[in-house]
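Hi,

Here is the structure I promised to pass on. Please have a look at it first, and then read my notes below.

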Amino acid sequence: MFLLPWFIGLFALTIGPMVNSFYYSLTKFDVISPPQFIGFDNYKTMFTADPRFFTSLKVTFTYVFLSVPLKLAFALMVAALMNKGLRGLGFYRTLYYLPTLLGGSVAIAVLWRKIFGGSGVVNQFLLIFNIHAPDWVSNPSYALYSIVALSVWQFGSSMIIFLAGLKQIPQDYYEASQIDGAGKIKQFLHITLPLLTPVIFFNLVIQLIGSFQAFTQSFIISGGLGGPMDSTLFYTLYLYMKGFAFYEMGYASAMAWVLLVIIGIVTAILFGSSKYWVHYADGGK
């Protein structure tokens, strides 16, 4: 009986909508009219007659494989600095975690668009050095990178997890290596990184899954259109446009299932490769 509310929520809010979504992916459904069963035509159209689908995939994969490594590297660097016993550590943890809490909001995305605009703070600062920079969010060559920068700025959650992992590494290892003449770089490469690989793996999986589902930044910065020239057309944004702008809910449901498969494959590859580079204290048993 104690589990009944959980089971109700599981079937009503998770399994039920997933089943309906898969059914709609096999139909032509405009929300207003009853769905018409068309089999796998949505999937066929997606892979054979929709160039914007492949554009959205390219943009999303570029965003994921740029933002995730940069975010994790920056988070680890800040965590390593904070692990040196700074005064007011709680204040700095809160300060660096705030972007994670605020970064996904509409207000921050709007602010970011202003900051990287043609007359924004970034360009005004560069003008001090007589550097005439482009309008970052309106130039198709740079628009995606402004969103990557916003993602990297939201490094707080990964940093907190890295910091907790760093504090679990015994200091005896560093003292023993220091006696043997190991410098800071060797200690980081041969002690810190190997012992931190389980935490790196956890952060990597979480950030990859989250990055594939990124939506708000692209929607706000591009004005909901994925521009300029589809340079910020994230997969989730295109899915939203198909479902709620063009009322092709069946097609959007098919796109959602393709995204689920993509995330599943990428996650499976990560788990499969983890045995080669993730080291556990108990040997992984």
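Before the notes, one term: a residue is called buried when its relative accessible area is under 20%, exposed when over 50%, and partly exposed in between (1.4 Å probe, protein chains only). Please keep in mind that this is a predicted model, in which local features need pLDDT of at least 70 and side-chain atom pairs count only at pLDDT 80 or more, while totals for chains, interfaces and linings use all residues. Residues are numbered from 1 along each chain as its sequence is written, and side-chain values use heavy atoms, with hydrogens and water left out.

The overall picture

The protein has 13 helices and 2 strands; these are DSSP runs numbered from the N terminus, with helices (H or I) of at least four residues and strands (E) of at least two. Its C-alpha atoms fill a box of roughly 75 × 65 × 40 Å along the principal axes. Of the 285 residues, 39% are buried. Contact here means heavy atoms within 4.5 Å, and among contacts with a separation of 6 or more, 68% are between residues 24 or more positions apart.

Leaving aside neighbours within four places in sequence, Phe53 is in contact with Met46, Phe47, Tyr235, Tyr238, Tyr251, Met255 and Val258.

Salt bridges

How many salt bridges does the structure hold? There are 2, counting a side-chain nitrogen of Lys or Arg within 4 Å of a carboxyl oxygen of Asp or Glu. In one, the side chains of Asp230 and Arg52 meet at 2.8 Å, N to O. This pair links distant parts of the chain: Asp230 is in the loop between helix 11 (216-221) and helix 12, and Arg52 is in helix 3, 178 residues apart. Glu248 also forms a salt bridge with Lys242, with the closest N and O atoms 3.3 Å apart. Lys242 counts as buried because its relative accessibility is 11%, whereas Glu248, at 32%, counts as partly exposed.

Some individual residues

Thr27 is in strand 1 (residues 27-28), and it counts as buried because its relative accessibility is 0%. The side chain of Thr27 reaches the backbone oxygen of Tyr24 at 2.7 Å. Not counting residues up to four places away in sequence, Thr27 touches Pro35, Gln36, Phe37, Ile38, Asn42 and Gly250.

Tyr96 lies in helix 4 (residues 89-102) and, at 29% relative accessibility, counts as partly exposed. With residues up to four places away in sequence left out, Tyr96 touches Val78, Met82, Phe155, Gly156 and Met159. The C-alpha atoms of Tyr96 and Phe155 are separated by 7.7 Å, although these residues are 59 apart along the chain.

Gln154 sits in the loop between helix 7 (143-153) and helix 8 (156-167). A polar atom of the Gln154 side chain lies 3.2 Å from the backbone oxygen of Leu150, and Gln154 counts as buried at 11% relative accessibility.

Best wishes

Definitions and conventions: A polar contact is a pair of N or O atoms within 3.5 Å; within protein, one must be able to donate a hydrogen and the other to accept it, and residues adjacent in sequence count only if both atoms are side-chain atoms.
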